[in-house]
Amino acid sequence: MQAGIQQRVCASCSLAETAELPISDHAFADWNTVSASTCTMQGQRERVCGICGAAQQENLPLARHQYGLWENEDRADCTVYGTRHRTCVHCDIMETGPLAPRYHAYDKWEIRSESTCLQAGVRARNCKYCQHVEEETLPLKAHVAASWQVITQAALHRPGEQSRSCKNCDTVLDMRSYYPGDEAFAVSFCVMGPPVDDLVPEVSDKGYRAALLDTTQDRTIILPLIAADAYCVGEVHIKIRQGSISASYLLYSAKSQVFKERMQLLEPGTQLTQEIILSNRQGLKVSGEQELFHKLQNLGHVLIYLRFDGIFDFNDPLNEKIDWQDEKWQAYAADLQAQADTARELYR
Ligand SMILES: [Zn+2]
Ligand SMILES: [Zn+2]
Ligand SMILES: [Zn+2]
Ligand SMILES: [Zn+2]
């Protein structure tokens with residue numbers, strides 16, 4: 001192709017002026033894609049001039065990566081920014097991006113340790129998406145009260161102390177003083193006589209006594225009233241009138257008290273049994289204000305079995321402790337031996 005010339009002529013003087021014309025532009029057809037771009041390799045396109053057949057080539061821009069779905073990377077804590085990535089399905093190039101914070105999403109609560117009454121248990125739940133574990137203490141179990149236990153025994157006129165602890169942890173939950181009442185401290189009061197276990201061997205030694213009386217003559221007998229088989233707390237007045245008998249008693253100390261009276265008059269020939277001795281029936285009336293005589297068959301003897309339930313203060317000097325070595329009491333002891341021998345003959 002040659003460059004062209006152009007000329008112009010002056011209209012007045014006919015002077016001609018020439019200028020070289022520029023080579024004219026190719027007349028290209030549309031681009032044709034020779035090879036398509038991928039995300040790693042540039043494609044090419046080409047166009048050809050319709051006049052001179054000249055071909056022009058050009059690289060195409062790289063294709064955009066074609067990413068798969070975003071994948072969240074594990075993070076230690078959902079509530080702070082994390083990382084996510086996605087990968088090009090063609091070239092495996094990976095793009096990372098921020099992963100927005102989110103609230104934890106928890107699994108169900110699990111009990112890690114049960115509460116006791118002393119130590120709170122723990123429950124925990126794990127986040128489905130991170131390592132976060134939420135822990136919560138559980139309420140303490142209530143104590144379970146066991147029954148009342150005696151710490152200090154009550155005694156006559158002196159309350160004791162009881163406490164109640166938890167069955168599971170022994171924590172003391174409650175204290176109280178207690179007093180079962182005077183009657184709970186009652187002991188036996190008996191008339192001075194031989195021990196009944198001397199007469200009725202089946203009765204183990206309970207400190208009970210019975211007195212054998214001669215009923216052939218009218219008279220009044222005063223016998224000691226013995227408490228707990230050890231203290232003289234009063235006296236028993238026995239009157240014999242024409243084969244009838246009455247008994248009354250007095251206590252030396254105003255603080256002594258009798259709750260229950262029992263009296264039996266056992267005539268010779270009666271078979272002494274454990275049942276008679278241990279009986280809790282009141283039996284015959286003990287004289288109070290008015291003398292009350294109980295009629296007997298005139299058999300010469302009677303065994304008076306008088307057993308009260310009562311209380312007395314052993315610190316009270318009015319209640320003398322019996323010292324069997326003492327002369328005064330030794331005299332009784334000798335007589336008791338004789339009574340026992342006779343009674344064993346008469347009551348069998
Ligand atoms: Zn051309
Ligand atoms: Zn790619
Ligand atoms: Zn989480
Ligand atoms: Zn407890």
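Q: Where does Asp316 lie?
A: In this predicted model, Asp316 is found in the loop between strand 23 (301-311) and strand 24 (320-321).

Q: Why is Asp316 called partly exposed?
A: There are 15 other C-beta atoms within 10 Å of Asp316. A buried residue needs 20 or more, and an exposed one has 12 or fewer. The value falls in between, so partly exposed is the label for Asp316.

Q: What makes Ser253 and Lys255 contacts of Asp316?
A: A contact requires C-beta atoms within 7 Å. Asp316 is in contact with Ser253 and Lys255 once its neighbours within four places in sequence are left aside. As for Ile245, 71 residues apart from Asp316 along the chain, the C-alpha atoms of the two are separated by 32 Å.

Q: What makes the phi of Asp229 worth a remark?
A: Asp229 has a phi near 55°, a positive value in a residue other than glycine. Most residues other than glycine have a negative phi. Asp229 is placed in the loop between strand 17 (219-227) and strand 18 (231-241). It has 16 C-beta neighbours inside 10 Å, so Asp229 counts as partly exposed.

Q: Why does Gln242 count as exposed?
A: Gln242 has 11 other C-beta atoms within 10 Å, and the cut-off for exposed is 12 or fewer. That makes Gln242 exposed. Its place is the loop between strand 18 and strand 19 (244-251), and its phi is positive as well, near 50°.

Q: How do you know that the protein chain is more spread out than a compact globule?
A: Start with what the protein chain contains: three helices and 24 strands. Its radius of gyration is 62 Å, while the globule rule gives 20 Å for 348 residues; the value is well over the rule, so the chain is more spread out than a compact globule. Along its principal axes, the C-alpha trace spans about 205 × 45 × 35 Å.

Q: What do the domain centres of domain 2 and domain 4 say about distance?
A: The domain assignment gives domain 1 (65-103), domain 2 (107-142), domain 3 (149-180) and domain 4 (185-346). Taken over C-alpha atoms, the centres of domain 2 and domain 4 are 74 Å apart.

Q: What share of the protein chain counts as buried?
A: 16% of the 348 residues do, going by the cut-off of 20 or more other C-beta atoms within 10 Å. As for contacts with a separation of 6 or more, 47% are between residues 24 or more positions apart.

Q: What makes a set of residues the largest nonpolar core here?
A: Such a core is built from buried nonpolar residues joined through C-beta atoms within 7 Å. The largest one has 42 residues, and those with the most contacts inside it are Val191, Ala211, Val236, Ile238, Leu303, Ile304 and Leu306. Strand 23 supplies the largest share of this core, seven residues. Take Ala211: beyond its neighbours within four places in sequence, its contacts include Val191, Leu223 and Ile304.

Q: Why are strand 12 and strand 14 called edge strands?
A: They belong to an open sheet of three strands, in the order 12-13-14, with antiparallel pairing. Strand 12 (149-152) and strand 14 each have a single partner strand, so one side of each is left without a neighbour in the sheet. From one strand to the next the twist averages 35°.

Q: How do you know that strand 13 pairs with strand 14?
A: Pairing takes at least two bridges. Strand 13 (160-165) and strand 14 have six, in the antiparallel sense, and Gly160 stands opposite Tyr178 in strand 14. The hairpin of these strands has six residues between them, and there Asp170 takes a positive phi near 65°.

Q: Why is strand 14 said to lie largely in the open?
A: Strand 14 (residues 172-178) has seven residues, and the number buried is zero, so it lies largely in the open.

Q: What makes strand 6 and strand 7 a pair?
A: Two bridges join strand 6 to strand 7 (residues 82-87), running antiparallel, and at least two is what pairing asks for. Glu71 stands opposite His85 in strand 7.

How values were computed:
Residues numbered from 1 in each chain as written. Chains lettered and ligands numbered in written order. Predicted model: local features only at pLDDT ≥ 70, side-chain atom pairs only at ≥ 80, totals over all residues. Helix = DSSP H or I, 4+ residues; strand = E, 2+ residues; numbered from the N terminus. Domains from an automatic or database assignment. Contact = placed C-beta atoms within 7 Å. Rg over C-alpha atoms; globule rule 2.2 N^0.38 Å. Axes fitted to C-alpha atoms, helices over the stretch in contact; angles between N-to-C directions.
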